[in-house]
Amino acid sequence: MADSNPTRVSVHQALGGGTVADVLLWREWCSGVVMLTSSTMVWYLFERAGYNFLSFMANVLSLLVAILFFWAKSASLLNRSLPPLPNLEISENTVVIITDVLHQWINHTLSIAHNIAIARDLKFFLKVAVSLWLVSYIGSLFEFLTLVYIGVILSLSVPVVYDKYQHFIDEKLCVTRRFIQTQYRKIDEVVLRKLPLPSNDLLMVEETLFIFYQKLSNSVLY
């Protein structure tokens with residue numbers, strides 16, 4: 001199959017080619033089963049059974065502490081080994097990495113606010129507004145844990161299906177991409193060019209929508 005289709009993309013390499021790719025493609029099926037089972041249990045406990053997250057975590061930690069305490073007590077009485085606990089501390093290198101990541105995210109968020117409030121970048125404002133509206137709309141459809149659970153299910157199913165039926169799916173996605181580009185041209189001709197906006201603002205709006213549709217069509221294709 002791979003030899004007959006020279007344009008075939010290696011899904012395993014696209015996912016990084018490591019352990020994560022093996023899990024998502026079910027090449028390490030034990031890890032995939034554990035991930036699917038644990039996520040299903042968490043979703044059922046908190047979304048269907050009605051468990052409170054803080055209460056559940058407190059009960060689990062209390063049970064764990066009690067088990068370790070009685071294990072240590074019985075070990076001293078029966079002359080057996082203590083519980084095999086690792087070194088419970090966070091390394092300085094880990095703290096530095098987390099701090100750097102938070103620093104980058106905070107600066108990126110502040111730069112977004114600056115571009116909207118100070119620079120008055122209309123194109124950037126429209127991008128942020130559309131993105132936040134999409135997040136708000138999707139969030140109104142599902143609870144947070146349900147949304148995360150759906151993401152886990154999709155990550156464990158979509159790569160496998162695409163890897164198996166890549167040629168057929170690519171054909172359908174190409175049709176979808178052409179449809180999206182056609183709809184953009186219609187919106188540009190019927191709506192955008194008739195808006196009573198200054199030429200600069202109109203060009204910004206057209207460019208923003210063009211980039212949005214281009215990214216959407218590229219994401220659909222790839």
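Student: Okay, where is Leu36 found?
Tutor: Leu36 is found in helix α3. Helices here are DSSP runs of H or I with at least four residues, strands are runs of E with at least two, and both are numbered from the N terminus. Before going on, note that this is a predicted model, where local features need pLDDT of at least 70, side-chain atom pairs count only at pLDDT 80 or more, and totals for chains, interfaces and linings use all residues. Residues are numbered from 1 along each chain as its sequence is written, and side-chain values use heavy atoms, with hydrogens and water left out.

Student: Is Leu36 buried, partly exposed or exposed?
Tutor: Leu36 is partly exposed, at a relative accessible area of 29%. Buried means under 20% relative accessible area, exposed means over 50%, and partly exposed is in between, using a 1.4 Å probe and protein chains only.

Student: What is Leu36 in contact with?
Tutor: Setting aside neighbours within four places in sequence, Leu36 is in contact with Trp26, Ile153 and Leu156. Contact means heavy atoms within 4.5 Å.

Student: How many residues apart in sequence are Leu36 and Leu156?
Tutor: They are 120 residues apart in sequence, while their C-alpha atoms are 8.0 Å apart in space.

Student: And Trp26, what is its place?
Tutor: Trp26 sits in the loop between α2 (19-24) and α3. Its phi is near 60°, a positive value in a residue other than glycine. Trp26 counts as partly exposed, with 30% relative accessibility.

Student: Back to α3. At what angle do the axes of α3 and α7 cross?
Tutor: The axes of α3 (residues 29-48) and α7 (residues 144-164) cross at roughly 160° and come within 10 Å. That makes the two helices, α3 and α7, roughly antiparallel. Axes are lines fitted to C-alpha atoms, for helices over the stretch in contact, and angles run from 0 to 180 degrees between N-to-C directions. Under 35 degrees counts as roughly parallel, over 145 as roughly antiparallel, 65 to 115 as roughly perpendicular, and the rest as oblique.

Student: Left-handed or right-handed crossing for α3 and α7?
Tutor: α3 passes α7 in a left-handed crossing. Left-handed means that the near helix is turned anticlockwise from the far one by less than a right angle, and right-handed means clockwise.

Student: Which residues make that contact?
Tutor: On the α3 side they are Gly32, Met35, Leu36, Ser39, Thr40, Trp43, Phe46 and Glu47. On the α7 side they are Leu145, Thr146, Tyr149, Val152, Ile153, Ser155 and Leu156. By class, the contact of α3 with α7 has 9 nonpolar, 5 polar and 1 charged. Ala, Val, Leu, Ile, Met, Phe, Trp, Tyr, Cys and Pro count as nonpolar, Asp, Glu, Lys and Arg as charged, and the others, Gly among them, as polar.

Student: Ser39 is on that list. Buried or exposed?
Tutor: Ser39 counts as buried, at 15% relative accessibility. Not counting residues up to four places away in sequence, Ser39 touches Tyr149 and Val152.

Student: Different pair now. How do α5 and α6 pack?
Tutor: Helix α5 (residues 92-117) and helix α6 (residues 122-141) pack at about 125°, with axes 8 Å apart. α5 and α6 are therefore oblique to each other. α5 also passes α6 in a left-handed crossing.

Student: Which residues meet there?
Tutor: Ile112, Asn115 and Ile116 in α5 meet Phe124, Phe125 and Val128 in α6. The contact of α5 with α6 has 5 nonpolar, 1 polar and no charged residues.

Student: How many disulfides in the whole structure?
Tutor: A search finds 0 disulfides, a disulfide being a pair of cysteine sulfur atoms within 2.5 Å. Cys30 is partly exposed at 44% relative accessible area, and Cys174 is partly exposed at 30%.

Student: Last one. How many helices and strands does the protein have?
Tutor: The protein has 9 helices and 0 strands. Buried residues make up 16% of its 222 residues. Of the contacts with a separation of 6 or more, 55% are between residues 24 or more positions apart.
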